[in-house]
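Hi,

Here's the structure I promised to pass on. Have a look at it first, and then read on for what turned up.

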Amino acid sequence: MNDYMLRQICFELEDAVGRENLSLRLSDKISHSVDNFWLPRMYADRGLVPPLPDIVVYPGSTEEVSKVLVIANYYKVPVYPWGGGAGSQGGALPLKGGILLDTKRMNRVLDFDEESMMVTAQTGIIYSQLEYYANERGYSLMHYPSSINCSTLGGFLAHNGIGVLSTKYGKIDDQCINVNLVIPNGKVLHSAPVPKHSSGPDLKHMFLGSEGTLGVMTEATMKLYRKPECRRFRAFLFPDVASGFKAGRDMLQVIRPSVIRLYDEEETKTQIKKVLGFAKPGAFMNVAIEGMTDMVDVEEKHMLEICRSYGAEDLGSDYGEKWWDSRLTFYFPDKALDFPLMFGTMDTIVRYRDIDKVYWAMKKATEAFEGVRFIAHFSHWYEWGCTMYDRFIMEDPPQDPDEAFRLHNRIWNAGVRAAISCGGVVNDHHGVGTKLGRLMKEQYGDSMIVFESLKKALDPNGIMNPYKMGV
Amino acid sequence: MLLSKESLHTVAACRFCTMCRHLCPLGLALGKELNNPRAKALLMEMVQKRSLDEAETAADMFECCLCGACSANCETGYEPPVFIREARGQLIGDGLAPENVTRALDGLLEHGTLYGMTGEDALAQHGRFEKKDAPVLLYVGGLAAVKAWPMVQAFMSLLGKAGIEFDVFAENVSTGSAEYDFLGDLKDVRDIAAACADKLNAYEKAETVIVLNPSDARMMRQQFSDWGIGLRADVRTATAFAAELVADGKLVPEKQTRTVTLHDPARLARDLQETEPARTVLVAMGYTVKEMWQSKKLTRCTGGEVLASYAPEIIRKTAAARMEDAAGTGAQALVCVCPACEADLSVCTDGIPVEDLFVLLDRQCA
Ligand SMILES: Cc1cc2nc3c(=O)[nH]c(=O)nc-3n(C[C@H](O)[C@H](O)[C@H](O)COP(=O)(O)OP(=O)(O)OC[C@H]3O[C@@H](n4cnc5c(N)ncnc54)[C@H](O)[C@@H]3O)c2cc1C
Ligand code: SF4
Ligand code: SF4
C-alpha cells in the first residue's frame, strides 16, 4: 500500500473507530502475524518475519465493524478478522497485507436471559470470561475446548469448534442460538432469532464455520445449562480399538455420556502407563456421565454392561477424575508439542463403518515420510460416527525454512487426501484456514460452487480474509 | 538486547502460548493482542533472532503492570514478568524507553516517590512524627502519604485503639519497589533497597514493621532476602496485622449487616499469598463477602502505581474493568486494602462505592 493511500485509509478508519483504536506500530503488526499454525511459528523460530498487515484496527461494536468494512470495501483492501489468534490453521493470518481487524475490544455480555437459558455476547470476548460470567450466575455454556482461555467466542464460531463435553452438549453450532454477520457493504445480517424452524434453511449454518471469509460476526446468542448435579468418570481397557468403537456406538443408542475418549494402541501405551503404572496392550477408553445423580446411576449401569460385553476391563474412576482436573495441563509449554518438532493435528470425522479404514490410511500416508510418527484418539461421538483426533509428529524436521515448508505441506496433503479418499473430511473442528484451503476442492468438487457463490454475493470485491477456506 | 538464561527460557516457552491470555488485566481491558505474554515473548524472540529492532518493542514492554496473573495460571511455572522487567532495564539503559516512562522514572530517582516530593516531605504535610523507640514501626510509603491519607489515619487510629505503641517511618528513602519495576535487578536498585533496610534497622527497638502498601511489603519480605539484604524486624502487612488485632480481641468491631466485595491486590494475594486476613476482618464486622470471579490468587489488577505514573489512560480502563467486576456481584461496596488500588479506582466515576478496609474498621471500632 503506498504511503498516500495508507494515510487516506487510516484517516477514515480513525474516524470510524477512534484514533487510539488503530495502530501502525510494527510490534502490533508482528503480534498479529503468528497464530497457532506451525508455518508462521516456524518463520519466527527461524528468524523470518511472516506476512504483516498494513494497519491494525480494534473496533468496539457492530456499528464500528460495519464502518470499517465499508471503508475497506470502497478501497478494496483485504480485512482479516482476528480473535484470540489461537487457531491452528492460519485462518486469521494477514497473508496479503491490508487491515487486521482484532475483535477483542468487543468483549461485552449484552443480555442474560435466565428464563430462556440464553446469553448474548459480543464475539471478541475470551470464551473463559464468558463462561465465568455464566458460572457467577450459576450456569455454564458447557463448551470446554482446551483453548477456552485462548480463544474468542467469534473464533470458535468461525471455525465451528468443539469442547470436551460435546458428546452430550454438542458442538458449538448446536449451542449457538443465533448470530449476526457484518458483510463488506456494511449491512448487518441476522440469522433467525431461534433455531429449529422451517422458515427456510437456518442462516446460522452459513455463517458458522465461514472463517471470516464472508464477513465479521459481532454478536451471538448461546445456550445456557444448569451445572450437573454430578459428573462421574470410568476408564476401561478394551482388547483392541475396534471393540472400543462398537462399545461407543452402542452406548449412544441408550445413554448420553458427556465424554468418550478412546485411544489407539500406540497412545494407549502411554495412557495406561499413567493409570496402572505399567504398559498393557489394548485400547484405553475414558467415559464421563453426568446429570442428576439417580439418572447417572442408571446410565452408569448401562455403560458398564455395554463395555463388559465387548470384553473391556474396568479400570475405575481415578484416571478420569485426574484427566478432568488436568485437562488443560497438556497444552502448556514443556508438555505440549513444540519446536524443534514438526507436528500437526489432522482431526477428521468419519462414520463408524469407515473409521478403521481412515485410521490406517492416514497412518500409512503420514508415516511414509521418514521420521514421522502418527498417533490418534477418538473423541466427540455421535450415533453414526466419531472424530478422529490424530497427530503427526516429526522429531527432527529440516532446519532450512524452504525445505521445512514444503515437507510440512506434503505431509498434510498426504494425510488429508487419505482421509478424504476413505470417507473422512478435510477437518473436524479446527477449520480449514490457509493450511487446508487447497484441499477443499478435492473434498467438495463441483459443490464448491455453493461456497463460491455465497462469497461472490456477500463479498463481491473479495476483501474478506483472502486465501482462506479455499474460496 | 542481552537477556539472562532464565528470561530466554521463558521467552522460548511463552512465544507461541496463549494459555493465560484470559487473565491479563491489560489484555482484558484494552482488548489488544500486544497485551499478553505471548506477544511480548514473540517480540523478544524476534529481537534475539535479529529480525526486529529492540527499539520497536520499547512501548510494549512498559504496557504491563507486572501483576503476575499470567504466572499464577501457568501450569508449567513460567513467569513472564522476569523477562519483561529485564527488557525494561535494558531499554532504559539503551535510552530507548518512551518519553513518558523516562519522565516518570527521572522523578522517581530524584524524589524516591512518583509524586514530585520525597516520602519524608509527603508525610510532613500531615504532621510531625516524633521517634518514640516503639516496638512497632509503621511504614507508610510515599504513595499512601500522598494518595491515601484517610487510610493511613484510620490505620494509626486502629493501632491507638488497640493500645499498640508505634513509630512512623519518616525517612527519605524508598524500598526500591517502584524502581525495581522500572529497571529490574540493577545494582542501583539493590543499593536503594539496602539503604532502606539500613534506615529500618536503625529503629533498634522495632520488632515489627507494618507495611501499608503490599508492593513495599513484597519488596521487604521477598526481594530483600533474595538480594541478601537483612531486616532485623519482622515484616507484616497492614491487613494481616489488623486481622490479628481483631482475632486477639484487641479490636472489637460493632457488627453491621452489609454485602461487600473485596478487591485483592495482586502482590498481596499472589506474591505474599495473603487473601484471608482481610476477609476475616470483614466477617468480624458482620459483612457478607460476595466474591468476584477473579479474586484471591486470580485477582485482576487495577494497574498499580508504576503504570499509573506514565500511562494514566490505561489505568482508567483497567480500573473501570475492575469496577464492572465488582458491580456484577451485586455488592453494596468494593472494599480495598491497598493505597495503589484505591488510587487507581478513584478515577472511576461509575460503579459502586470504593471503601477502605481500615477506614471502615476504624468507624466500627469504638
Ligand atoms: C492450546 C490449544 C488448544 C485448542 N483446543 C481446541 C479445542 O479443544 N477445540 C477446538 O475447537 N479448537 C481448539 N483449538 C483451536 C482454536 O482454539 C480454535 O480454532 C478457535 O476457534 C480459534 O479461535 P480464536 O478466537 O483464537 O480465533 P483466531 O485464531 O483469531 O481466528 C480463527 C478464524 O476465525 C476467524 N474469526 C475470528 N473471529 C471472527 C469473527 N468475530 N467473525 C468472523 N470470523 C472470525 C478468523 O478470521 C480466522 O479465520 C485449540 C488451540 C490451542 C492453541
Ligand atoms: S506464562 Fe505460561 S501460560 Fe502464560 S504464555 Fe507463558 S508459558 Fe503460556
Ligand atoms: S504480568 Fe500482568 S499485565 Fe503483565 S503480561 Fe502478565 S498478566 Fe499481563
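Where does ligand 1 lie? You'll find ligand 1 between chains A and B.

Before the details, a bit of housekeeping. This is a predicted model, where local features need pLDDT of at least 70, side-chain atom pairs count only at pLDDT 80 or more, and totals for chains, interfaces and linings use all residues. Residues are numbered from 1 along each chain as its sequence is written, chains are lettered from A and ligands numbered from 1 in the order in which they are written, and side-chain values use heavy atoms, with hydrogens and water left out.

Now the surroundings. Ligand 1 has 34 residues around it, counting a residue if one of its heavy atoms lies within 4 Å. Among the closest are Pro81(A), Gly83(A) and Ser147(A). By class, this shell has 21 polar, twelve nonpolar and one charged residues, with Gly counted among the polar ones.

Helix 6 of chain A gives the most to the shell, five residues (helices are DSSP runs of H or I, at least four residues; strands are runs of E, at least two). Strand 3 (79-82) of chain A also supplies at least two.

As for polar contacts (pairs of N or O atoms within 3.5 Å), a backbone N or O atom of Ala86(A) lies 2.9 Å from an oxygen atom of ligand 1. For Phe156(A), a polar backbone atom is 3.4 Å from a ligand 1 oxygen. On its own, ligand 1 exposes 980 Å², and the protein buries 96% of that (Shrake-Rupley method, 1.4 Å probe).

Cheers

Conventions
Polar contact = N/O pair within 3.5 Å; in protein donor to acceptor, adjacent residues only side chain to side chain.
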